[in-house]
Amino acid sequence: MPFGLCNAPATFQRCMVPIFQDKIETSMEVFMDDFSVFGSSFDQCLINLEKMLRRCVETNLMLNWEKCHFMVTKGIVLGHNISRDGIQVDKAKIETISKLPPPTSVKAVRSFLG
């Protein structure tokens, strides 16, 4: 989606859920503009990836291949390290937040919360 559109990430996700509803939670996850395809084995991952890519072709979705990462065994998603060991908070995020000065006004609290 083009940058600058109001509510574009939420709109995009609302479009992706119906397209992949039969695959979400069983072989893939969709969050905003990210897809994560997974499986219990390498072969199952390939099968699930093929199904996801076929669905993209069927629905005329275009992927930016420069942003695609295939067959990774670990990564950072939403400030969490995801790997074979499970899900753990990214320690770099904790360190960054712990170094922030405490908010001293309502405006500062609102700014911190986004």
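Tutor: Let's begin with a term: a salt bridge is a side-chain nitrogen of Lys or Arg within 4 Å of a carboxyl oxygen of Asp or Glu. Glu58 and Arg55 make such a pair through their side chains, at 3.7 Å from N to O.

Student: Before we go on, what kind of model is this?
Tutor: This is a predicted model, where local features need pLDDT of at least 70, side-chain atom pairs count only at pLDDT 80 or more, and totals for chains, interfaces and linings use all residues. Residues are numbered from 1 along each chain as its sequence is written, and side-chain values use heavy atoms, with hydrogens and water left out.

Student: Back to the pair, where do Glu58 and Arg55 lie?
Tutor: Both are in helix H2, 3 residues apart, which is about one turn of the helix. Helices here are DSSP runs of H or I with at least four residues, strands are runs of E with at least two, and both are numbered from the N terminus.

Student: Is Glu58 buried or exposed?
Tutor: Glu58 is exposed, because its relative accessible area is 55%. Buried means under 20%, exposed means over 50%, and partly exposed is in between, using a 1.4 Å probe and protein chains only.

Student: And Arg55, buried or exposed?
Tutor: Arg55 counts as buried, with 17% relative accessibility. Arg55 also meets Asp22 in a salt bridge of 3.0 Å, N to O. Arg55 is in helix H2 (residues 42-58) and Asp22 is in the loop between helix H1 (8-19) and strand S1 (28-31), so this pair ties together parts that are 33 residues apart in sequence. Asp22 is partly exposed, at 47%.

Student: Which residues end up in one network?
Tutor: Asp22, Lys23, Arg55 and Glu58 are joined by salt bridges that share partners.

Student: How many salt bridges are there in the whole structure?
Tutor: The search finds 5. One of them links Arg54 and Glu50, with the closest N and O atoms 2.8 Å apart. These two also lie in helix H2, 4 residues apart. Arg54 is partly exposed at 42%, and so is Glu50 at 45%.

Student: New topic: what's the order of the elements?
Tutor: From the N terminus on, they run α-β-β-α-β-β-β-α-α. That gives 4 helices and 5 strands.

Student: Which strands form the open sheet?
Tutor: The order is S3-S4-S5, and the pairing is antiparallel. Two strands pair if DSSP finds at least two bridges between them. The edge strands are S3 and S5 (86-89), each pairing on one side only.

Student: How many bridges join S4 and S5?
Tutor: They pair over 4 bridges.

Student: What sits in the loop between S3 and S4?
Tutor: Leu78 is found there, between S3 (75-77) and S4 (80-83). Leu78 counts as exposed, at 59% relative accessibility.

Student: Which residues make the nonpolar surface patch?
Tutor: Phe31, Val77, Leu78, Ile82 and Ile87 make a patch of about 470 Å². Patches are made of residues with over 30% relative accessible area and no salt bridge: like charges are joined within 9 Å, nonpolar side chains (Val, Leu, Ile, Met, Phe, Trp, Tyr) within 5 Å. Accessible areas come from the Shrake-Rupley method with a 1.4 Å probe, and for residues only the protein chains shown count as cover.

Student: Last one: what share of the chain is buried?
Tutor: Of the 114 residues, 15% count as buried.
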